[in-house]
Amino acid sequence: MRTSAFALALAPVLVLVLMPTRPVQSQTPERAHVVVPTVAARPEDVISIDAIIAAFYDVISGPVGQPRQWSRDRSLYIAGVRFVSTGYDQQDRRTVSVMDHQQFVDATDSGFVARGFYETEIHRVTHRVNDIVHVLSTYEMRTTPDGPVFGRGVNSIELYWDGTRWWIASAVWIDEAPGHPLPADVLPR
């Protein structure tokens, strides 16, 4: 999930921090708080591992100008879910950002809507023990459904079955970076 997208969404903020006394023209709107009403999960989104992973990608993907499905997204997660975005900066130093759902929404919404964003699963490794599951889901990122891939990475997703539905308990992700290619076991064969 979205380290490059997360970085792109923060780019205008970084420019403003670095140059606070000069007006900045930006093609990306400033980040704003996004109200995300709580809704019940769609039964078809949470009935199986395949369904919840498909919804996980579907809710954040869309064209320029289209609002994202943040209420539907929130319905996939346990209360208090944590997202951990990891990666490397331009000096090859490790980076990490820990967010709750609202922080992720506020940080990424304007960039996703302004530029268009599609994240597509291309490979999955699943480990299940009874009612708990760990999924490594490899993804590609584009700004249009059929456009060029601008990045790829791996989501590490923890899920559990409560007897009636699946829940995502956490998501940690890392994008591929120069000097840090994705290993063969998480790529399509």
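Trainee: Which residues do ring pairs link into a cluster?

Mentor: Ring pairs link Trp70, Tyr77, Phe83, Phe104, Phe112, Phe117, Phe150 and Trp173. Rings of Phe, Tyr and Trp (its six-membered ring) pair if their centres lie within 6.5 Å; planes under 30 degrees apart count as stacked, over 60 as edge-to-face and the rest as tilted. Keep in mind that this is a predicted model, where local features need pLDDT of at least 70, side-chain atom pairs count only at pLDDT 80 or more, and totals for chains, interfaces and linings use all residues. Residues are numbered from 1 along each chain as its sequence is written, and side-chain values use heavy atoms, with hydrogens and water left out.

Trainee: How many aromatic pairs turn up in the whole structure?

Mentor: A search of the whole structure gives 11. Take phenylalanine 56 and tyrosine 57: their ring centres are 5.3 Å apart and the planes sit at 85°, so this pair is edge-to-face.

Trainee: Is phenylalanine 56 buried or exposed?

Mentor: Buried, because its relative accessibility is 0%. The cut-offs are under 20% relative accessible area for buried and over 50% for exposed, with partly exposed in between (1.4 Å probe, protein chains only). Tyrosine 57 is buried as well, at 5%.

Trainee: And what about phenylalanine 104 and tryptophan 173?

Mentor: Their ring centres are 5.8 Å apart with planes at 75°, so that pair is edge-to-face too. Phenylalanine 104 lies in helix 5 (residues 101-115) and tryptophan 173 in strand 6 (residues 166-175), so the pair ties together parts that are 69 residues apart in sequence. Helices (H or I, at least four residues) and strands (E, at least two) are DSSP runs, numbered from the N terminus. Both phenylalanine 104 and tryptophan 173 are buried.

Trainee: What else does the side chain of tryptophan 173 have a polar contact with?

Mentor: The side chain of serine 85, at 3.3 Å. A polar contact is a pair of N or O atoms within 3.5 Å; within protein, one must be able to donate a hydrogen and the other to accept it, and residues adjacent in sequence count only if both atoms are side-chain atoms. Serine 85 lies in strand 1 and is buried, with a relative accessible area of 4%.

Trainee: Switching topic: which residues touch the most other members of the largest nonpolar core?

Mentor: Of its 31 residues, those are Ile52, Phe56, Trp70, Leu76, Phe83, Leu159 and Ile168. Such a core is a set of buried Ala, Val, Leu, Ile, Met, Phe, Trp, Tyr and Cys residues joined through side-chain atoms within 4.5 Å. Helix 3 gives the largest share of this core, 6 residues.

Trainee: Back to strand 1, then. Where does tyrosine 88 lie, and what is it in contact with?

Mentor: Tyrosine 88 lies in strand 1, and at 22% relative accessibility it counts as partly exposed. Leaving aside neighbours within four places in sequence, tyrosine 88 is in contact (heavy atoms within 4.5 Å) with Arg93, Arg94, Thr95, Ile174, Ala177 and His180. A polar contact of 3.1 Å joins the side chains of tyrosine 88 and arginine 94.

Trainee: Last one: how many helices and strands are in the protein chain?

Mentor: There are 5 helices and 6 strands, running α-α-α-α-β-β-α-β-β-β-β from the N terminus on. Of the 189 residues in the chain, 43% count as buried.
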